[in-house]
Structures are given as structure tokens and as C-alpha cells.
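Here's a quick briefing to read alongside the model. Have the sequence and the 3D view open as you go.

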Amino acid sequence: MQKIWTLFVKDMRLEARQKDMGFLMLAFAMMETLVFGFALDSGGRMQTDEVAGILWMGFLFAGMLGIVRLFGRETAEDVMVGMAMAPGGRLPVVMAKMAVAWVFCAATASIATSVDVAVFQVPGTRVSVIVVLVMLLGALGLASVGTLLSGLSLNLSGHEVLLPVLTMPFLVPVAIAGMEATGAAWRGGRPWPWIHALMAYDLIFMVLPLLLYEFLWEV
Amino acid sequence: MARFRSWGLALLGAGMVAVLYLIFLGSPDDAVLGPSQRIFYVHMGAAAVAGVAYTITAAASLLYLGTRRLSFDQWAAASAEIGTAFTTMLLVSGVLWGRAAWGIWWTWDPRLTATVILWVLFMGYLMVRQWTDGRERRARVASVLALAAYVAVPIDYMTIRWWKSIHPVVMTSHGFNMAPSMVVAMFAAMAGMLLLFAAWMQIRLALMRVEWGMEDARNRMRGMGRR
């Protein structure tokens, strides 16, 4: 637990100094909202489902930017070797990275939701408890899949290009369930079946890195 | 071994002829779809092989991670390659059948979407194998990736049971939703395609061993050249 906390704080401090992960994700999500705002200046003709789609698309791409940086920071000076060899083993490294990714994804999702609701002003769209829950679960999906694949592709050639290509199909189910649940919550439908699907997918991809962490990278 | 291989090939040839007979002559036209129903048998055969192939890939990957024996990685790679080829066949035959049955080439139905995701995941797996240097590293990375990608297989199978889908459910807990002669043709197509998969696996594994042998020989010669 001590190692998880130390690594978590280390990444937060690095972010405060370098601003190359969370801030980058947030900036990308904001830009995406603005670009869609310009492109789809629809004079109130947009539907709640379309706003949900734009929101999740931005969230997905912003999340992938962050995922590439998640372990990418540790390649210089063989930091991964030190982290893995430090007392406590590799599991705390994986858990700390997952926690860091979740915090940044959740923050990006929360802010992006508020901005999308304000920019598109579609009746019915609002930041409700259900929508926040969906965004937090979506962030968890992104963080768990991202941690697994980012750790795995760490020392591969073309890691920056390969990782988004690999990650995207794994995140499509998260995006579909998230979009459907958000859209259903906004139009007064039934979001719970999609929330349950999101929970199940999150659970699978939270357990997988914990089972396979020994094989994610070799030092 | 050569005699065994000839017998195997003869069995495969005879089996495929029997399957073609059952598909085109032994089963009736569908009351609604007419002769285009026959695409379905190829589709089901490809689906069965894809499922089996990805299961072998996942099992071999798990065995590799447990034992670190590279022969398991060869099995995983060969099976994934063939599984991806059969998933392509599954998607193409599904598109053709969909055009005949639903009047559209494609729809974002849960089953169709899940199958495309599965196909892309294993294409990604093959891409990673291609781009990763070093046998041990490639085998480790690919094994973890295969186990993660395999999650999509049961989800793909269950989509038509969990979500509202226009994709027909053929096998239910109450039996089959089709005529008995069609069931025979369907199982024959599945068995024929599985035989084809077995033969293809044997050829691909043999080819892979030769490829690795040539790679080793090239590396040894380079080493001798440096000395």
C-alpha cells in the first residue's frame, strides 16, 4: 500500500510540474468540444444521443492520449527497472498506474461533460448523478484497459503508434455502453442495463492486469 | 508420416465433397430466403472455426506464460492467423447473407459490431507479432494480448442473447430454429471447416518451424561472418 501511494504521489507531482498527461487530456477534450461546436452549429436541432456521442468520442481520444503517456514517462533512465525492483514487487506499480489513469480520466470526463452540456445546450442534457456514475465507470474502463496495454507495449518499437491502434478496439465496448447509458439518462430512458454492462467490462479488465502483471514487462 | 499426410488429405477432400453435397443438394431451399440460405452454412462453419481457433490461441498463450516453451507460442500464432482468416470469411458471408435476408449490407447490430471488434483485436494481435523483435519478448507480449483479446469471444457469442439483435438465434435451449435437414447440413459444414482448420494448422506449424529454422541459420551465419 505504501508503494502504491508513493508511486501515485510521484505521478501527481510529475503532472503538477510537467503538465503532460492530465492537462493534455483535458485540453484535447476541450478542443474536440469546440471543434464539434463550430462544425455542428445546429441551431437547437441536435439530439441528446448526438451530444452523448460527441462527449464519449472526445473522452475516448483524450483518454488514449493519456494512456500513451502513462508508462511512457518511465522509459527514460530505466525508471521502470527501479520501480519494479523496489520492495513490494510489480503489483503496486500496476495498481498505482491504474489509479493515476483513473484520476486523470475521471477528471477529464467530469469537466468535459459539464463543458459539452454548456456548449451544445440541448434540452435534457445535464450533469446528473447517473451521468457522473457513467463517466466514472467509463474512466475506470479506460484506466484498466489502458494500464494493461500501456504496460505491455512499453518497450515495443513504434510504441506511440501501436498503442492507440491496439487500445481502440478494446475501448469500443466501453464507449458504446457509455454512450448508450448517457443518452438513455438524458432522454429519460433506462440506462441501467448499459451501466451493468460497463461494470462487468470494467471488472474483467481490472482483474486481468492483476492476474497478468508479472508478464506485462520484463526488466 | 508422408502416408499419414496423404490419408489426411484424402479424408479432407472426401469430407469437403460430402459437405458441398449436403449444402447444395442435400438441404432444401429456405421458404423465405430461397437458395441464398446456403450462405448460412459457410457462415456457421467459419464461426465454429473462429471460435475454436481463438480458444486454442488463448489456451496456448496461457500454456506459454506458464511454461515459457516457444512451441506453445507457435501454436498460438498459427491458430490466431487461421482464426482471423476464418473471421474474415465469417464477416464476408454475413454481409452477403444480410443483404439477402435483411436487404442491407451492414447494420450496427450488437452481434455484427462484436464480431468486427473481435476481428480487429486479433488483427492487432497479428500486427504486434509482426512488429515485435525477439522470440521471447514477442511470445510474452502476444500471449498477454491474446488472453485480453479472448475476452471478446464469449461476449461475441452472447451478444444475441444479452441484447436486442436482428441476428437470428439458431441454437437455443429448446433446440434448433430450423428444419432437421438444414441442421445436418449446418453440422456437416462445421465439421468440414474444422477438418480444413486442422489441416491448415498442420501446414502453418510446419511452415513456421521452417521459418524459425531459417532465421536461426541466418543468425548463425551472420555470427560466423563477424568472427
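Predicted model: local features only at pLDDT ≥ 70, side-chain atom pairs only at ≥ 80, totals over all residues.

How many residues does the contact take from chain A and from chain B? It takes 25 residues from chain A and 22 residues from chain B, where contact means heavy atoms within 4.5 Å.

A word on ground rules. Residues are numbered from 1 along each chain as its sequence is written, chains are lettered from A and ligands numbered from 1 in the order written, and side-chain values use heavy atoms, with hydrogens and water left out.

**The A–B interface**

- About 2,100 Å² is buried between chain A and chain B, and carbon and sulfur atoms give 80% of that; buried area is the accessible area (1.4 Å probe) that two parts lose on being put together, summed over both.
- On the side of chain A that touches chain B, the elements giving two or more residues are helices H6 (129-152), H7 (159-187) and H8 (192-216) of chain A. Helices here are DSSP runs (H or I, at least four residues), strands are too (E, at least two), and both are numbered from the N terminus.
- H8(A) gives the most to that side, with 9 residues.
- The residues on that side of chain A split into 22 nonpolar, 2 polar and 1 charged. Ala, Val, Leu, Ile, Met, Phe, Trp, Tyr, Cys and Pro count as nonpolar, Asp, Glu, Lys and Arg as charged, and the others, Gly among them, as polar.
- Between chain A and chain B there are 0 salt bridges (a side-chain nitrogen of Lys or Arg within 4 Å of a carboxyl oxygen of Asp or Glu).

**Two residues in chain A**

- A:Thr147 sits in helix H6 of chain A and is buried, with a relative accessible area of 0%. Buried means under 20%, exposed over 50% and partly exposed in between (1.4 Å probe, protein chains only).
- Leaving aside residues up to four places away in sequence, A:Thr147 touches A:Leu70, A:Phe71, A:Val94, A:Lys97, A:Met98 and A:Ala101.
- A:Trp5, in helix H1 (residues 2-18) of chain A, is exposed, at 53% relative accessible area.

**Confidence in chain B**

- Chain B has a mean pLDDT of 89, with 99% of its residues at 70 or more; pLDDT is the predictor's confidence in each residue, from 0 to 100.
- Among the elements of chain B, strand E1 (residues 171-172) has the lowest mean pLDDT (78) and helix H2 (residues 39-67) the highest (95).
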